[in-house]
Amino acid sequence: VKYLTGAGDATDAFTEFHGRSTKAAKMLKALPHRKATDAELKARAHNGREALAKDFAAFRDELRAEGFFEPSPSEIVYRIAEVVALHALGIYVLLRTSYWAA
């Protein structure tokens with residue numbers, strides 16, 4: 001996958017954005033691809049920031065072990081209720097103003 005100007009490796013970015021998505025993984029596998037040479041892998045790996053990428057991967061693994069990436073049903077319900085409440089408030093304010101009255 002080309003990354004920015006084509007000189008980087010988008011593996012870490014893909015993992016962060018689409019790590020749990022089976023659809024994204026299927027779409028990625030459907031794209032044309034070729035085996036990278038060892039020289040290319042070494043030159044493009046971690047986009048020249050190997051220490052930073054390894055530290056971030058360790059941090060992500062630590063957060064995953066603590067359960068930060070597991071969905072919480074109560075959080076999902078809260079977020080949906082928040083959106084519904086804000087829409088209801090918006091409709092109420094819209095209907096209570098004289099903007100729409102002729």
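**Figure 1. Contacts and overall make-up of the predicted model.** Of the contacts (heavy atoms within 4.5 Å) between residues at least 6 apart in sequence, 53% join residues at least 24 apart. This is a predicted model, in which local features need pLDDT of at least 70, side-chain atom pairs count only at pLDDT 80 or more, and totals for chains, interfaces and linings use all residues. Residues are numbered from 1 along each chain as its sequence is written, and side-chain values use heavy atoms, with hydrogens and water left out. The protein has five helices and zero strands, in the order α-α-α-α-α; helices (H or I, at least four residues) and strands (E, at least two) are DSSP runs, numbered from the N terminus. Of its 102 residues, 7% count as buried, where buried means under 20% relative accessible area, exposed over 50% and partly exposed in between (1.4 Å probe, protein chains only).

**Figure 2. Confidence, helix by helix.** The pLDDT, which is the predictor's confidence in each residue from 0 to 100, averages 84 over the protein, and 88% of the residues score at least 70. Which elements have the lowest and the highest mean pLDDT? Helix α3 (residues 38-44) has the lowest, at 76, and helix α5 (residues 73-96) the highest, at 95.

**Figure 3. Helix α4 and its two sides.** Helix α4 runs over residues 50-65 and reaches 22 Å from its first C-alpha to its last, close to the expected 22 Å; that expected span is 1.5 Å times one less than the number of residues. Ala53, Arg60 and Leu63 of α4 are buried. They share one side of the helix because they cover an arc of only 85° around the axis, an arc taken from the directions from the helix axis to the C-beta atoms. The buried residues of α4 pack against α1 (11-18). On the other side of α4, Ala51, Asp55 and Ala65 are exposed.

Figure 4. Arginine 60 lies in helix α4. Is arginine 60 buried or exposed? It counts as buried, because its relative accessibility is 15%. Leaving out residues up to four places away in sequence, arginine 60 touches Glu16 and Phe69.

Figure 5. The charged end of arginine 64 sits over the ring of phenylalanine 69, 5.3 Å from its centre; the criterion is NZ of Lys or CZ of Arg within 6 Å of the ring centre and within 35 degrees of the ring normal. Just after α4, glycine 67 takes a positive phi of about 90°. Proline 71 is found in the loop between α4 and α5, and proline 71 is exposed, with a relative accessible area of 51%. Apart from neighbours within four places in sequence, proline 71 is in contact with Arg20 and Ile76.

**Figure 6. Leucine 28 in helix α2.** Leucine 28 is found in helix α2 (residues 22-30) and is partly exposed, with a relative accessible area of 32%. How far apart are the C-alpha atoms of leucine 28 and phenylalanine 14? They are separated by 9.6 Å, with the two residues 14 apart along the chain.
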